[in-house]
Amino acid sequence: MRRFIFVEDTYGVDFHKELINKISSHGVTVKIDDVRRLPAKECNPAILRKIKAALLDTYPIGAKVVIVVDSECESATSVKQKILRHFKKAEGIDVRIIVVEPRHEAWLCIGLGYNRRKCRSIPDDII
């Protein structure tokens, strides 16, 4: 079984890889094969096709997938439902959705030590 994290955000791949490294360096076992960018918004039907393509060597044997997306000012429940509807017929893929508030850019900005308040309001400009 393969385990992936897919992120919609450009900064998200490196951010999550570094986060996993930091967690692992503290003795926590993290079983993730790869972190990849998923260039498809939650309403895009291409999301499942792109994930299946990334899992080509294991699908349909099985995979665990975490999809991390920005809330884009919607409720987390609404965003999760929009994504999960694409996976109803996707046998062999165990999907978990994480909705990020604020955006990934804000996490990165704060992680770099910039002003938290400014990072939450205009992270792209601060970075």
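**Side-chain contacts in the predicted model**

The structure is a predicted model, in which local features need pLDDT of at least 70 and side-chain atom pairs count only at pLDDT 80 or more, while totals for chains, interfaces and linings use all residues. Residues are numbered from 1 along each chain as its sequence is written, and side-chain values use heavy atoms, with hydrogens and water left out.

Asp 34 forms a salt bridge with Lys 17, their closest N and O atoms being 4.0 Å apart; a salt bridge requires a side-chain nitrogen of Lys or Arg within 4 Å of a carboxyl oxygen of Asp or Glu. This pair links distant parts of the chain, 17 residues apart, with Asp 34 in strand β2 (residues 34-37) and Lys 17 in helix α1 (residues 12-25). Helices (H or I, at least four residues) and strands (E, at least two) are DSSP runs numbered from the N terminus. Lys 17 is likewise partly exposed, at 36% relative accessibility. A network of salt bridges links Lys 17, Asp 34 and Arg 36.

In total, the structure holds five salt bridges. Among them is the pair of Glu 74 and Lys 82, with the closest N and O atoms 2.8 Å apart; Glu 74 is partly exposed at 27% relative accessibility. Another joins Arg 96 to Asp 94, where the corresponding distance is 2.5 Å. Arg 96 is partly exposed at 49% relative accessibility, and Asp 94 is partly exposed with a relative accessible area of 30%.

One disulfide is found in the whole structure, the criterion being a pair of cysteine sulfur atoms within 2.5 Å. The sulfur atoms of Cys 109 and Cys 119 lie 2.0 Å apart in this disulfide. It connects helix α4 (residues 104-111), which contains Cys 109, with helix α5 (residues 116-121), which contains Cys 119, the two cysteines being ten residues apart. The link is left-handed, with -65° about the S-S bond, and both Cys 109 and Cys 119 are buried.

One aromatic pair is counted, where rings of Phe, Tyr and Trp (its six-membered ring) pair if their centres lie within 6.5 Å, and planes under 30 degrees apart count as stacked, over 60 as edge-to-face and the rest as tilted. The ring centres of Phe 4 and Phe 6 are 5.8 Å apart and their planes lie at 25°, so the pair is stacked. Phe 4 is buried, with a relative accessible area of 1%, as is Phe 6, with 2%.

Key: Buried means under 20% relative accessible area, exposed over 50%, partly exposed in between (1.4 Å probe, protein chains only).
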